[in-house]
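Trainee: I've got a model open on my screen and I'd like to learn how to read it. Could you walk me through it?

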Amino acid sequence: MGSSIRWKTTLPLAILCACLLLFPKLVGSYFLHMAVSAILAMILASSWDILARTGQVSVGQAGLFGIGAYSSALLYQKYALPPVLGMLASALIATVVSIFLGYLTLRLRGIYFSITTIAFAEALTVIWLMTPDVTGGAMGVSTPPLFGGDREKAYYLILAILAAVVAVVRLIEQSRLNFAFTAIRENEDVANVLGINPTKYKVLAFMISAFFTGFAGGFYSHYNTYIIPYEVFNLGISIACLVMPIFGGLYTIAGPIIGTVLIKAIEEYLRVTFSYGHQIAYGLILVLVVLFMPEGLLGLWRGKILPLLRSRPGR
Amino acid sequence: MSGSPQGKDASAKMTLLQVDRLTKHFGGLAAVQDVSFHVDTREIVSLIGPNGAGKTTIFNLISGVYRPNSGDIRFGGESIAGLRPFGICRKGVGRTFQIMQPFPKMTVLENVVTSALFGRVPKISMKEAADEAADLCRMVGLGDKLGESPKNLTIPDQKRIEIARALAVHPKLLLLDEVMSGLTPTETGEAIKLVLKLREFGTTILLIEHVMKVVMGISDRVIVLHHGEKISEGPPSRVVDDPKVIEAYLGKQADGEGDTTC
């Protein structure tokens, strides 16, 4: 019984991995680019979900993303740091920022923390515009194309980062951290009385989240070759980070990923058909999901569709 | 201060919890006013008093949920006033909540595992925590409900989760906040047995209780609070005869003389 269940999950996973690895050989440049940007978004969505597991809704992921993007772009420009090392530096710098920000803000709860994170990302835009000598200001920073413009290599790099995020989330789920995160999310005061230091675990979750968000930022700047403050610190990025997991299903591994695939598809379709349509779609999806399927697509699948499928062959 | 119990073996007793002139205001309201008492190791002490007397506030002060405005709380000789709740928990204070607050998305077992994982010093492994939590669940009578969601449980069963969760931190001092109100007589009997068993294992117990049968039956000492102040303390039999206590619960007898207490 145990082995058959294991087969049921490992076989599709193996097929999925093979497809992902072979993907660049099968499609053209346009779809490869789509895949890279979708995987980038998946990393952002999954990272956001790690912090969300402690009950904290960050609306400032763009701040960490932008810090990551600028870190590696500026390090390349000033010290010619190789891009992949630059991305690692981005991840570490974003993590350090998250520690300071976390200790300052994660004692706040719910909406207050969310508002602070919005302010954080918006403040960074202003700081960047005011210090053009260091940051390039409104003119932005440009870097040469990543891997000399080889999209296939870029694809494998970002896929590897996604794999790392998934692995980390899986580790969290199997460790004592999962108990701490869930307990804090469900009732912070009770968790505290039971011996859990809420601030410590919230900051830890924020650090993990920031590490991958910063890495994604670093990747973005090299892949895109050009960044400006208005773009990388944009509230739109922060919103995207939370819409995708909410749509797919919170506090799961697959939820943020599935949510991203669908939203990216809708976004790409609407981008062609009518401009700014994807922003309307974000709003609509957020409202509909929160009202009618609070557990997202995965919740819908587990709660409604799976029981239907199961009941049919049996009796 | 108020008569310390001078039993034969008083010298063998050690003070585990010492509360000194504790005061807590909420705005202009003094919820706890200048309250002092102590609890000895392996003692069972009940905290009683009418609604709003400040009993749960005292629990919240001891467990660190609130910070006292003044006064000190010493646990095992060490001041714990002002520590945060998780720190106090790890020093060996376990508590239950009057209004049951299980983690709703976790199973019964996971609820107890959580406190076994984080409330213990030194830390124990996931496996040990799971085994221990399962044992505790069986001990409080939840053995057949490990995988259930707390939402589907009855009130007494939710209280059992509270107790198991508090015990999972291996408390030296256990604070029980009205765990027996709302139980049937049989269940109350079981709960009393459990409390006495815990004392045998070496746990000290401070409980808030309204069920007089329980208070009279198991307490070594009773502390009576009224309007945030301690009005009486002593063995249960003596406390119930204390005119101040009777007055607090029933009001003063109207005896002519313009005394208009109702």
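Trainee: Let's start with a sheet in chain B: what is the order of the strands in the open sheet of four strands?

Mentor: Bear in mind that this is a predicted model. In chain B the order is 2-1-4-5, and the pairing is antiparallel.

Trainee: Which are the edge strands?

Mentor: Look for strands that pair on one side only. Here those are strand 2 and strand 5 (78-79) of chain B.

Trainee: How many bridges hold strand 1 of chain B and strand 2 of chain B in their pairing?

Mentor: Eight, in the antiparallel sense, with strand 1 covering residues 15-26 and strand 2 covering residues 29-40 of chain B. As one example you can find on screen, B:Lys24 has B:Val32 in strand 2 as its bridge partner. The two strands form a hairpin with two residues between them. Click on B:Gly27 in that turn and you'll see a positive phi of about 60°.

Trainee: And how many bridges join strand 1 of chain B to strand 4 of chain B?

Mentor: Five, and these strands run antiparallel too, strand 4 being residues 70-75 of chain B. B:Leu17 stands opposite B:Phe75, while B:Gln18 has B:Arg74 as its bridge partner. A handy general idea when you look at neighbours along a strand: in a regular strand, side chains alternate between the two faces of the sheet.

Trainee: Now zoom out. How many helices and strands does chain B have?

Mentor: Nine helices and 10 strands. For overall dimensions, the C-alpha trace of chain B spans about 70 × 45 × 40 Å along its principal axes.

Trainee: Why does the radius of gyration of chain B agree with a compact globule?

Mentor: You compare the value with what the chain length leads you to expect. A compact globule of 262 residues would come out near 18 Å, and chain B has 19 Å, so the two agree. Two other figures go with that view. Buried residues make up 41% of the 262 residues in chain B. Then take contacts in chain B between residues at least 6 apart in sequence: 64% of them join residues at least 24 apart.

Trainee: Which domains does the assignment give for chain B?

Mentor: Check whether a domain is one stretch or several. Domain 1 of chain B is 14-92 + 172-251, and domain 2 is 102-170. Their C-alpha centres lie 24 Å apart. Where they meet, eight residues of domain 1 are in contact with 10 residues of domain 2. On the domain 1 side, helix 2 and helix 6 (185-200) of chain B each supply at least two residues. That side divides into five nonpolar, one polar and two charged residues.

Trainee: How many residues from each chain take part in the contact between chain A and chain B?

Mentor: Count each side separately: 23 residues come from chain B and 15 residues from chain A. Helix 2 (85-91) and helix 3 (108-118) of chain B each give at least two residues to the chain B side.

Trainee: Last one: where in chain A is confidence lowest and where is it highest?

Mentor: Begin with the chain average, then look at single elements. Chain A has a mean pLDDT of 89, with 97% of its residues at 70 or more. Confidence is lowest in helix 15 (residues 296-314) of chain A, at a mean of 75, and highest in helix 10 (residues 198-224) of chain A, at 96.

Key
Residues numbered from 1 in each chain as written. Chains lettered and ligands numbered in written order. Predicted model: local features only at pLDDT ≥ 70, side-chain atom pairs only at ≥ 80, totals over all residues. Pairing = 2+ DSSP bridges. Contact = placed C-beta atoms within 7 Å. Rg over C-alpha atoms; globule rule 2.2 N^0.38 Å. Buried ≥ 20, exposed ≤ 12 C-beta atoms within 10 Å, placed from the backbone. Domains from an automatic or database assignment. Nonpolar A, V, L, I, M, F, W, Y, C, P; charged D, E, K, R; others polar. pLDDT = per-residue confidence, 0-100.
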